[in-house]
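Subject: Structure for you to look through

Hello,

Here is the structure I said I would pass on. Please open it next to this email and follow along.

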Amino acid sequence: MKNPADLRQDFLRNVQLRHLRTFVAVAQERHLARAAARLALSQPAVSKTLSELEAIVGTRLVDRSQAGRRGVQGLTAAGEQLLAHALRVLEALEASAEAVAPTAGGRIERLRIGALPSVAPALLPLALAGLRDHWPSAQITVKSAANAVLLDELRAGELDLAVGRMSDPRLMGGLSFELLYTEPLVFAVRAGHPLALKAAPVQAVLGYPLVVYGEGTIPRHNTESFLSARGLALPAHTLQTLDVAVACALVAVSDAVWITPLGAARGALAAGRLVRLRIDTAGTEEPVGLLLRSDAEASALRGAMAALLREGAKQQGALPRRAAKKTRLPS
């Protein structure tokens, strides 16, 4: 086995940009065929380049076990470490290219935002409108996904910023979390629902169709924990969805009960389309915050969006008092 000094010299002498580009594409796509299509290469060429890189570094970078012949289950610990550096190299290369050969009409600013489905409706619209006022030419994309997906894509460089939740420390490597607010679960129903006419016990809710978040999500875990603490369990026929619009519309036209973080139902509750049942959900509060790559280069556009999200959280009255000072929008 080569010693670390020899491995370092081999890496410096032999690694090429094609190795890093291929590795980043595989890490982001989690699939060799999709990475090949993205790079306009054949799948054997991608596999060969990836194998060359693993030979140079002297260890496996991707985990192909139980992922199928073309799939990639994830990155190894060495792969996670290399990915952070590879992203910085490619970002620096792109910035250098812009410096020596500027895009006609100036550099196009891009921002890729991720958000939890339960958070996006309450927090993103005003922030996005404010961002458009200050950055009218920016290309902005928004992806709504479960927390685990947001963390993976943020770490892989596919997102620039995400609004999500803290996770297991093992999944937070390379990421930073800034608290915006905490929100509890609520039980939401249509106006005029039988349970809305008077205070009802939690047990009564189980007599109606329920709408909950999908398995593996934090709201679903909190829902099950809340019921379990009271000796109850979700019925097997419960409807599961991450689609906030579908859940809200269904509850508005039926007797279903939606168990959801407050932010997802805030607009419908304020407009009177839905009402909140008088069920004490103290102790179900979960933190929501800004997630960033710890090693990401400074970006005025990303900083502006972060400032607008902080301001939006404060205007909702949810920002903790110790963090509620005025935030100035970066220019």
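Below is what was found in it, starting with the whole chain and moving on to single parts.

This is a predicted model, in which local features need pLDDT of at least 70, side-chain atom pairs count only at pLDDT 80 or more, and totals for chains, interfaces and linings use all residues. Residues are numbered from 1 along each chain as its sequence is written, and side-chain values use heavy atoms, with hydrogens and water left out.

The whole chain

The secondary structure comes to twelve helices and twelve strands. Helices (H or I, at least four residues) and strands (E, at least two) are DSSP runs, numbered from the N terminus. The chain has 331 residues, and 41% of them count as buried. Buried means under 20% relative accessible area, exposed means over 50%, and partly exposed is in between, with a 1.4 Å probe and protein chains only. Among contacts with a separation of 6 or more, 73% join residues 24 or more positions apart; a contact here means heavy atoms within 4.5 Å.

Helix 1 and helix 4

Helix 1 (residues 4-14) packs with helix 4 (residues 43-57) at an angle of about 145 degrees, and their axes are 8 Å apart. Axes are lines fitted to C-alpha atoms, for helices over the stretch in contact, and angles run from 0 to 180 degrees between N-to-C directions. From helix 1, the residues L7, D10, F11 and N14 meet L53, I56 and V57 of helix 4. The residues of this contact divide into five nonpolar, one polar and one charged. In this scheme Ala, Val, Leu, Ile, Met, Phe, Trp, Tyr, Cys and Pro count as nonpolar, Asp, Glu, Lys and Arg as charged, and the others, Gly among them, as polar.

Helix 11

Helix 11 covers residues 262-271 and contains G267. G267 counts as partly exposed because its relative accessible area is 45%. The C-alpha atoms of G267 and A122 are 6.8 Å from each other, although these residues are 145 residues apart along the chain. The buried residues of helix 11 are L262, G263, A264, A265 and A268. They pack against several elements, including helix 6 (120-134), strand 6 (175-183) and strand 10 (257-261). Just after helix 11, G272 has a positive phi of about 85 degrees.

E183 lies in strand 6. E183 counts as buried because its relative accessibility is 2%. Its side chain reaches the backbone nitrogen of G263 at 2.8 Å. That is a polar contact: a pair of N or O atoms within 3.5 Å where, within protein, one must be able to donate a hydrogen and the other to accept it, and residues adjacent in sequence count only if both atoms are side-chain atoms. Not counting residues up to four places away in sequence, E183 touches several residues, among them S118, R165, P261 and T284.

D160 is in the loop between helix 7 and strand 5 (161-164). D160 also counts as buried, because its relative accessibility is 17%. The side chain of D160 reaches the backbone nitrogen of R112 at 2.7 Å. Leaving aside neighbours within four places in sequence, D160 is in contact with R110, L111, R112, L154, L292 and R302.

Cavities and a pocket

On a 1 Å grid over the protein atoms alone, a cavity is a set of points where a 1.4 Å probe fits but cannot get out; a pocket is an open set with protein on both sides within 12 Å along at least five of seven lines, and lining residues have an atom within 4 Å of a point. Grid points are joined across faces, edges and corners, and a volume is the space filled by probe spheres set on the points.

There are two cavities of 30 Å³ or more. E183 is one of the residues that line the second largest cavity, as are R165 and P219.

The second largest pocket has a volume of about 290 Å³. It is lined by 16 residues, of which E80, Q81, R155, G173 and G174 are the closest to its centre. Helix 5 gives the most to this lining, with four residues. The lining divides into four nonpolar, five polar and seven charged.

Regards
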